[in-house]
Structures are given as structure tokens and as C-alpha cells.
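Biologist: I'd like to learn how to read helix packing, confidence and disulfides from a model. Can we walk through one together?

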Amino acid sequence: MRAYLLFLIYTAHVFAEGMDSGGGRAVVCFDNREALNQCVENSGLVSRNLIQAITSVEMLDLYYAKIPTGMNKVAPKLIDTTSFNSAYELYNYTLKRLENHTPKLYQSIKRAEMAFNESEIIWEEEALAPVVDEHMPIILGRANCTLTTLAVQYKAGNDYFLHIDEVLFMDPRNSLLSRAVLYFHEFLYLVARENGEVNSLTVRKIVRQIIRSDDSINYPYIRKLARSLGFIKESAKSR
């Protein structure tokens, strides 16, 4: 079994080198410098012996979404997660909000989700090979934190595959919202990569808007952003 998992990790490396893969990156923090250094020395790979030293895990998209913006440094209001029991339930509710307001974006995300479901979503017990594609021009502001790969997607022929680090995904220090964000990230990244993107910068821009609270989400801006980033394509007449 372990040999098979190691083969999958090696396969992820191969696809990354061939630029036919994409990684869902997360911010992982540790309670000591030694654990951080070991993770950094392994290019962000969280070996299983480091799990107990983790203090938090958070999708990079969510980390990015929490950063204050504008001249007044306003912190965005994010969706309330208290009434949801699972990440997929939260993902579906958040996605459903788009259906009436931005139907083309909703359809684009659903098509990407179905593309993975028709092939394979694989939950891994071992750490995934690092895939660096975040194109993030910042230094993490948290002590003892670095970036790790929480998910890897790739296309083989006409099939799409998604590998998720189950240990980190299900870790209680990884919030429900962070888990739901992973779904949005991976499905939107499939669309972005089909549009020729080679990093996840555009994905984070749209995700940070999608996960806004019910009373602060800006649908007209999301439609405009989705068109400009290539997530939806509309004729000049329909605009």
C-alpha cells in the first residue's frame, strides 16, 4: 500500500514537471521552529511525524481573502459557517448563491466539479508532492508558518484527477471554510488551466469574492471579475 502511495507522489512530481498539474496550496503553521525548518527543507511537504506540531492549516485562498484591502484597510466579511455540518454542504450553499446572480459562473464551476467526479477524486493518507504555482508576491506574516500542498490536480488524456491530502484536509485545525475553499479552488483552477493559466493568482481573486458574507457579497463585481479573468465568456450583446 505504501509503495502505491509513493508511486502516486512520484506521479504528481512528473505531472508537475510537465506543467500539466496544479496544486492547492495552504498555509501551515507549527508550534516550534524545528518542525517549521524540517517542513521548509522538504519544500513544504508535511511529513506525518510533523502533524502533532501543527497549530493551524488554512487554504492560501482563505489566507489571502482575510487580508485587509483598500486605503482604509477594511477586513472583508466572510460567510458565516456555524450552521453547516460539512465542507461540501458549505461549498454547495455558497455555490448556490451564484446560480441566480451569476449563472454562467455557477455553470462553469459545476462543469468542473462534474469533470472530476466523472474520473477520480483520490484521498491520500501520505503527504503530497509539493507543487509551487501560487505566484504569491508576499511573505507570510505569521510566525513559524510556510506553504504546503493540500491538493494536486492533473489531466491525463481526457480525464481529470484530483488528489487530496486527507490527513491535513480533515485535521480539526483546518476550518470548515478552508475545506470548502479547497473545492472552489480546485474546480475554478481547472477552468483557469483550460484557459491557459499557469498559476492560481486569478483563482484566488475570484474565490475571495465568492466566500464573502451574505450581506457583503457583490454579485455585479463578481460577474465583472469573472469575465475579465476568463471564468465566464459572454457575447457583447449579453453584457
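This is a predicted model: local features need pLDDT of at least 70, side-chain atom pairs count only at pLDDT 80 or more; totals for chains, interfaces and linings use all residues.

Biologist: At what angle do the axes of helix 8 and helix 9 cross?

Modeller: At roughly 165 degrees, and the axes come within 10 Å. Angles over 145 degrees count as roughly antiparallel, so helix 8 is roughly antiparallel to helix 9.

Biologist: Is the crossing of helix 8 and helix 9 left-handed or right-handed?

Modeller: Helix 8 passes helix 9 in a left-handed crossing. Now try helix 7, residues 176-194, against helix 8, residues 201-210. These two pack at an angle of about 135 degrees, with their axes 9 Å apart. That makes helix 7 oblique to helix 8, and their crossing is right-handed.

Biologist: Which residues in helix 7 and helix 8 meet?

Modeller: From helix 7 you have V181, F184, H185, L188, Y189 and A192; from helix 8, T202, V203, I206, V207 and I210. The residues of this contact divide into 9 nonpolar, 2 polar and no charged. Notice that I206 of helix 8 turns up in the contact with helix 7 and also in the one with helix 9.

Biologist: On to disulfides. How many does the count come to?

Modeller: The cut-off is a pair of cysteine sulfur atoms within 2.5 Å, and by this rule the count comes to 1 disulfide. C29 and C145 form it, with their sulfur atoms 1.9 Å apart.

Biologist: What does the torsion about the S-S bond of C29 and C145 say about handedness?

Modeller: The torsion is about 105 degrees, so the disulfide is right-handed. Look at where the ends sit, too: C29 lies in strand 1 (residues 21-30) and C145 in strand 4 (residues 145-156), so the pair ties together parts that are 116 residues apart in sequence.

Biologist: And confidence: where is it lowest and where is it highest in the protein?

Modeller: Take the overall figure to begin with: the mean pLDDT is 84, and 83% of the residues reach 70 or more. Confidence is lowest in helix 1 (residues 2-17), at a mean of 40, and highest in helix 6 (residues 166-170), at 97.

Biologist: Over which residues does pLDDT stay under 50?

Modeller: Over residues 1-21, for which the model has 31 contacts beyond four places in sequence.

Technical notes:
Residues are numbered from 1 along each chain as its sequence is written. Side-chain values use heavy atoms; hydrogens and water are left out. Axes are lines fitted to C-alpha atoms, for helices over the stretch in contact, and angles run from 0 to 180 degrees between N-to-C directions. Helices (H or I, at least four residues) and strands (E, at least two) are DSSP runs, numbered from the N terminus. Angles under 35 degrees count as roughly parallel, over 145 as roughly antiparallel, 65 to 115 as roughly perpendicular and the rest as oblique. A crossing is left-handed if the near helix is turned anticlockwise from the far one by less than a right angle, and right-handed if clockwise. Contact means heavy atoms within 4.5 Å. Ala, Val, Leu, Ile, Met, Phe, Trp, Tyr, Cys and Pro count as nonpolar, Asp, Glu, Lys and Arg as charged, and the others, Gly among them, as polar. pLDDT is the predictor's confidence in each residue, from 0 to 100.
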